[in-house]
Amino acid sequence: MPRITAAHEQEVRDRILSAAGKVFADRGYHSATIADVVRESGLSVGAIYTHFSGKDELIRLTCDRIATRGLDELAERLAPARTTAERLAIAIRLYVETIDDYDGAPGQISLVQAWAEADREPGVREMLAARRERLVGAGRYLISQGIAAGELPDWLDVDAVTRGILGLLDGLLLQRIEAGSTYRPAELERRAAEVVQLLFAAGAVRPTLPEAVVTA
């Protein structure tokens, strides 16, 4: 019997996850079945269950793989950047580039299906929450760097600003769907960049917000 190498095992896992990502993007988590993943991957039911426990694990790891790959690539792209403005622009561009597909696989747009299922599928909700916390960690680091360098005001609530920017970026997925055939990636990138520019326009003067807004 030929020896099964670790590289081969990883190749099979990647093949299954790629197939699952396409199935979830096309059919949604609730409608998708393991049989769909079997057909898409060209592997057997036994091969799927040898490597994964079921749909919950597949969607969690599929989305986790997208997030991990994105963060790794972001780190590479940020290396030559010299200012916080450049770094945030790079992050926005990468997000927009990976909305529809990422290396030939479904991209960030596949998250819309996951969000639709999150209220009735605890495993999906936990996966989405974990994804957000990973992205928040990276975003907080970028904003904190900007404050330390004097490029952003030190009164900013780093966590709130980071989560707000991520909410903006995830909202681009909905705008992409609404745009249909009129979708232009550059336009979504421009919108996000304009909002982020408000951070730098804030300067050193903290705006006074109504008490109801601050304490809400």
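Modeller: Helices (H or I, at least four residues) and strands (E, at least two) are runs assigned by DSSP, and they are numbered from the N terminus. This is a predicted model, in which local features need pLDDT of at least 70 and side-chain atom pairs count only at pLDDT 80 or more, while totals for chains, interfaces and linings use all residues. Residues are numbered from 1 along each chain as its sequence is written, and side-chain values use heavy atoms, with hydrogens and water left out.

First, the setting. The protein has 10 helices and two strands, in the order α-α-α-α-α-β-β-α-α-α-α-α from the N terminus. The C-alpha trace spans about 70 × 35 × 35 Å along its principal axes. Of the 216 residues, 40% are buried, where buried means under 20% relative accessible area, exposed means over 50%, and partly exposed lies in between (1.4 Å probe, protein chains only). A contact is a pair of heavy atoms within 4.5 Å. Among contacts between residues at least 6 apart in sequence, 63% join residues at least 24 apart.

Now the empty space. Rolling a probe the size of a water molecule over the atoms shows where empty space is left. The search uses a 1 Å grid over the protein atoms alone: a cavity is a set of points where a 1.4 Å probe fits but cannot get out, and a pocket is an open set with protein on both sides within 12 Å along at least five of seven lines. Lining residues have an atom within 4 Å of a point. Grid points are joined across faces, edges and corners, and a volume is the space filled by probe spheres set on the points.

The structure holds three cavities of 30 Å³ or more. The largest cavity contains about 420 Å³ of space. Its lining is made of 26 residues, and those nearest the centre are Leu74, Tyr95, Leu135, Leu166 and Leu169. Four helices each supply at least two residues of this lining: α4 (55–78), α5 (84–97), α7 (122–148) and α8 (158–179).

Helix α7 also holds Arg131. Arg131 is buried, because its relative accessible area is 6%. Leaving out residues up to four places away in sequence, Arg131 touches Ala67, Tyr95, Gln108, Leu111, Trp115 and Asp170. One of these, Tyr95, is among the residues nearest the centre of the largest cavity. From Gly137 to Thr98, 39 residues away in sequence, the C-alpha distance is 20 Å.

The second largest pocket is a separate item, with about 170 Å³ of space. Its lining consists of Trp155, Leu156, Ala160, Val161, Gly164, Ile165, Leu168, Val195, Val196, Leu198, Leu199 and Ala202. The elements that give two or more residues to this lining are α8 and α9 (185–201). Helix α8 gives the largest share, five residues.
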